[in-house]
Amino acid sequence: LEAAMGALLATLAGVGTSVGGMSASMMSCVACQACSCVSSVACSYLCGKMCGGGSSKETIVSRTSRMSYFGLFLITVIGAWVFRDRASPALCSAASDIFCENLRCPADQQSPTCMARAFVLRVAFATAIFHVVLSIFTIGASDYSNPRIMVHTALWPIKMLLWVVLHLIVFFIPSQFFLGFGWVAFVLGILFLIVQIVIFVEFTFELNEAWIEKDGADNVQGPWHMAILAISVLCFGLAIGQTVVMFMFFGTNNQTGETDGCELYQFFASFNLILFVFLTIFSFRATEWMPATGLLPSGLVAAFLSFKTLSALYSQVRCNKLANDSLNYTAPPELVGAINIIIAVILSAYSSITIGQGFDTDGRFWGPSSAAAPSASADRDMPLVDVDGVAPNHMHLDVEGGSSNGEEPLSGPIGYNVAAFHAAIAFSMCYIAMQMTNWNQEFSPTELDKGVASMWIKIVDSWILALAFGWSMVAPVVLKSRQFS
């Protein structure tokens, strides 16, 4: 045990002494946290309503709980990123204790980055199990009258102990197990990408409808219509600019300076341009039967579609002017990869909230919004489980940790499906782990989300985004028996 602790302390000491070399990665992680706060509704919860603003105690407890889980999620991402860049076989080259025996990779899978990949997958596994356990215990618990809601909003000492124990135990399990888990995380990461696409397309339509409704459909010169126009022009400018970069930097072979061998990458850039131009034109035609589409959704999709394609082209080094050879980049290290991680964290935060709201008690994926005032939630269905026992708020174990003597007990629905919320975080951690490990491929500390596998996943992901956006506009015409709103 003493030797094991010595190895662990040596690892942490190595991390501490290399803070200067890690500054770029750590700054990217700080940016992840800042962007996640600014871009998700969680930030508005903290900065606005949670600090007063007339929010009910139920709302504050709900939002504080979600923010706490996001905090743990960010700590996990940062920790995984640190160990990804520092873990190497040299950490345990001379030690033979059980700690290092488990950290080493099997003889048939030895590589310079195998231990680092296993480190990331260990952390992802611990986080996923933590949220899967919470998800199982909170299935059907969406109302404060259900004592099991405490598993989500209270019992923080027990949950923190569980979180710490899980993230320590994984370092005493052989690496071979986590290398196998990497392929489970691969599948879960792909599924999370698909869910992200559905959520993003839904978001573009909802945003467009909400802004048009603020002015009125006929008031095309209103301030919100002007905002739609301005953001749409910006998005189309970004899409065109990214497409120009694709043709400028990813069309010639690094070795010969010619276009030989780069035809596939030129096709990716050209096809991306054709896709977003076609979808934009079609979206204006689709406004006849689907008013939610139009300029803003097509602009947002065009910008995101182009970024996915640009990121895919950046993942390869054969036809890439940003690389001076097949291994080393002259561009800022991890720049595009860091942006991808930031976007992943932002979408993870947004997706976990949206999925939790979508799987509401009415049984539909896209359920009613839970952002309404507490009075609006009174019309919701009764909780799935009626409990006549002591409510969790009477047990003095709420998220604020204080006594509730003399206060009204918490009541009503929590506003989102708690089990789905935790499942979404588990899936998103697997997705980010795949980005950090180049989707189970070899990597170096200066390579993040690069390689052939990463390139194809991003390209196919962009095509699925285009297909989902197109289908969302075609579906109301094809499936006339269904009601779309």
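Modeller: The model is a predicted one. I start with Cys 430, which has 0% relative accessibility and so counts as buried, the cut-off being under 20%. Cys 430 is also one of the H14 residues in the contact between helices H9 and H14.

That packing can be described in some detail. Two packed helices are described by the angle between their axes and the distance between the axes. For helix H9 (residues 175-215) and helix H14 (residues 418-436), the angle is about 110° and the axes are 7 Å apart. An angle from 65 to 115 degrees counts as roughly perpendicular, and H9 and H14 therefore fall in that class. Their crossing is left-handed. On the H14 side, the contact residues include Ala 424, Phe 427, Ser 428, Tyr 431 and Met 434. H9 contributes, among others, Phe 181, Gly 182, Ala 185, Phe 186 and Gln 196.

Next, the disulfide. The count for the model is one, and the pair is Cys 262 and Cys 319, with an S to S distance of 1.9 Å. The torsion about this S-S bond is about -90°, so the disulfide is left-handed. Cys 262 lies in the loop between helix H10 (223-249) and helix H11 (263-286), while Cys 319 lies in the loop between helix H12 (295-314) and helix H13 (335-358), so the bond ties together parts that are 57 residues apart in sequence. Both partners are enclosed by the burial criterion: Cys 262 is buried at 0% relative accessibility, and Cys 319 is buried with a relative accessible area of 0%.

Another cysteine to note is Cys 235, which has 7% relative accessibility and therefore counts as buried.

With 14% relative accessibility, His 225 counts as buried. Leaving aside residues up to four places away in sequence, His 225 touches Ile 212, Asp 215, Gly 216, Ala 217, Asn 219 and Val 220. Of these, Ile 212 and Asp 215 fall within the range of H9, residues 175-215.

For burial at the level of a whole helix, take H6. Helix H6 (residues 114-137) has 24 residues and reaches 34 Å from its first C-alpha to its last, close to the 34 Å expected at 1.5 Å a residue. In H6, 19 of the 24 residues are buried, so this helix is largely enclosed by the rest of the structure.

Key
Residues are numbered from 1 along each chain as its sequence is written. This is a predicted model: local features need pLDDT of at least 70, side-chain atom pairs count only at pLDDT 80 or more; totals for chains, interfaces and linings use all residues. Side-chain values use heavy atoms; hydrogens and water are left out. Helices (H or I, at least four residues) and strands (E, at least two) are DSSP runs, numbered from the N terminus. The expected span of a helix is 1.5 Å times one less than its number of residues. Buried means under 20% relative accessible area, exposed over 50%, partly exposed in between (1.4 Å probe, protein chains only). A disulfide is a pair of cysteine sulfur atoms within 2.5 Å. Axes are lines fitted to C-alpha atoms, for helices over the stretch in contact, and angles run from 0 to 180 degrees between N-to-C directions. Angles under 35 degrees count as roughly parallel, over 145 as roughly antiparallel, 65 to 115 as roughly perpendicular and the rest as oblique. A crossing is left-handed if the near helix is turned anticlockwise from the far one by less than a right angle, and right-handed if clockwise. Contact means heavy atoms within 4.5 Å.
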